[in-house]
Amino acid sequence: MEFRALYPDELEKWLDHVTHVFSGGRQYFSNHWHNDPWRDPEGIRIAIDNGTIVSTVRVFIRKMFLHGEPVTVGGIGEVSTHPEYRRRGLATQLLKDSIEFMESRDIAVSSLHGSQRIYSIEGWEKVPRYYARQPVTAKKQVAWDVRPANFDDTAEVKRIADLYDGYARKFNGTFVRDEMAYWTAWVRSESPNAWVAERDGNIEGYVSVVRREDQLNVKEFIASEAAFARERGKQLFEDMLSNIIAQMDAASLEVVYPAPIADGFNAPAIEEHGSTMYRINQPDALSNASDSIPNLLHNQPQSLAQGIKSHHIFWYTDGF
Ligand SMILES: CC(C)(COP(=O)(O)OP(=O)(O)OC[C@H]1O[C@@H](n2cnc3c(N)ncnc32)[C@H](O)[C@@H]1OP(=O)(O)O)[C@@H](O)C(=O)NCCC(=O)NCCS
């Protein structure tokens with residue numbers, strides 16, 4: 001058994017492997033490779049037996065906001081072992097290889113979405129994410145002009161990216177999106193239902209949603225500083241959602257969104273999604289590394305804290 005990084009000319013073989021293990025969705029894995037401006041074949045770790053890829057782990061190279069500052073993060077994804085090769089320690093060995101890879105790149109933190117024991121044994125720890133659930137009624141007349149986002153308009157995408165940078169850093173765990181290509185390729189493809197709120201020709205809000213029957217899931221949300229200054233963007237959020245529901249010709253939908261935004265902790269129902277795990281690779285790179293991992297993600301320093309139960313958010317759009 002050979003353990004190493006993927007060679008660039010092995011990409012199709014690697015896509016065959018992940019598509020086989022996760023049964024379907026080649027396009028998903030292919031998009032996540034080609035739309036990723038930080039893609040690096042060195043971050044794809046593989047186990048090879050007789051010339052065939054039998055197990056893999058991919059490190060998504062990113063930065064995330066933690067306590068108002070960007071820190072480097074390695075997102076662990078596509079963890080997969082061919083059924084005939086399971087329970088021999090291959091995924092565990094590749095997780096160890098990924099840790100070495102992240103250390104060689106000075107990547108301070110690692111995150112993943114999963115709950116298997118193999119992750120906790122290697123040092124990842126669960127941090128819950130809180131979601132609010134609230135019925136929202138359609139409203140045609142609101143304080144903003146709400147319309148689909150236009151990813152073909154470079155100036156508009158730049159404005160959204162600027163607003164994102166100011167808003168996302170108020171939380172912990174949100175990814176930094178400082179490459180325009182990430183917006184025009186990754187976000188555009190992952191957020192086909194994205195909307196902006198405009199007033200006097202100025203974009204003040206953005207939200208991306210996905211509808212599942214009577215439920216509307218918020219994949220990400222942005223409020224301008226001015227809108228945020230009023231109850232953390234509560235009115236903007238409610239106006240955008242109620243107007244989008246009207247534009248979808250629905251009377252009312254159950255909106256599910258990260259509770260740390262827009263007064264969500266006061267919603268009638270709060271759910272806990274506990275499958276995000278973090279590992280601190282380089283404690284020296286973090287100022288509060290002595291804190292427990294959940295506290296590190298839930299809390300912010302006093303100067304930034306917004307008096308909410310948790311500042312931990314992961315936008316579905318950035319999912320891997
Ligand atoms: C999850 C998955 C990647 C694990 O891959 P794997 O190569 O079998 O992982 P490992 O062999 O390192 O560990 C799996 C288990 O086998 C055990 N194991 C490892 N070596 C072993 C050995 N020689 N003999 C017996 N058991 C062994 C491990 O302790 C672990 O036990 P646990 O499940 O009780 O914690 C694989 O099952 C898979 O591809 N699943 C489908 C895709 C998926 O769900 N991916 C995860 C997305 S988050």
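The model you're looking at is predicted, so local features need pLDDT of at least 70 and side-chain atom pairs count only at pLDDT 80 or more, while totals for chains, interfaces and linings use all residues. Residues are numbered from 1 along each chain as its sequence is written.

**Exercise 1. Work out the order of the strands in the open sheet, and which strands stand at its edges.**

Step 1: Trace the 12 strands, and you get S1-S2-S3-S4-S5-S12-S6-S11-S10-S9-S8-S7, with mixed pairing. Two strands pair if DSSP finds at least two bridges between them.

Step 2: Check the ends. Strand S1 (2-5) and strand S7 (145-148) each have a single partner strand, so one side of each is left without a neighbour in the sheet.

Step 3: Remember that strands of a sheet pair through backbone hydrogen bonds, either parallel or antiparallel. S4 and strand S5 (residues 109-113) run parallel and are joined by 4 bridges. In that pair, valine 73 has valine 109 in S5 as its bridge partner.

**Exercise 2. Describe how strand S10 pairs with S9 and with S11.**

Step 1: Take strand S9 (residues 202-212) first: S9 and S10 pair in the antiparallel sense over 8 bridges. Glycine 205 sits opposite alanine 223 in S10.

Step 2: Go to the hairpin of S9 and S10, where 2 residues lie between the strands and glutamate 213 has a positive phi near 55°.

Step 3: Switch to S11, which pairs with S10 in the parallel sense over 3 bridges. Here leucine 216 is opposite valine 255 in S11.

Step 4: See how covered S10 (residues 215-223) is: 7 of its 9 residues are buried. Buried stands for 20 or more other C-beta atoms within 10 Å of a residue's own, exposed for 12 or fewer, and partly exposed for in between, with C-beta atoms placed from the backbone.

**Exercise 3. Decide whether arginine 87 and alanine 262 are buried or exposed.**

Step 1: Arginine 87 is in the loop between S4 and H3, and alanine 262 is in the loop between strand S11 (252-258) and strand S12 (269-280).

Step 2: Count neighbours. Arginine 87 has 7 other C-beta atoms within 10 Å, so arginine 87 is exposed. Alanine 262 has 28 within 10 Å, so alanine 262 is buried.

Step 3: Look at the backbone. Most residues other than glycine have a negative phi. Yet phi is positive in arginine 87, near 60°, and in alanine 262, near 45°.

**Exercise 4. Say where leucine 94 is found and what leucine 94 touches.**

Step 1: Leucine 94 is in helix H3.

Step 2: Leucine 94 counts as buried because 25 C-beta neighbours lie inside 10 Å.

Step 3: Leaving out residues up to four places away in sequence, leucine 94 touches several residues, including Phe3, Arg45 and Val57.

How values were computed
Two residues are in contact if their C-beta atoms, placed from the backbone, lie within 7 Å.
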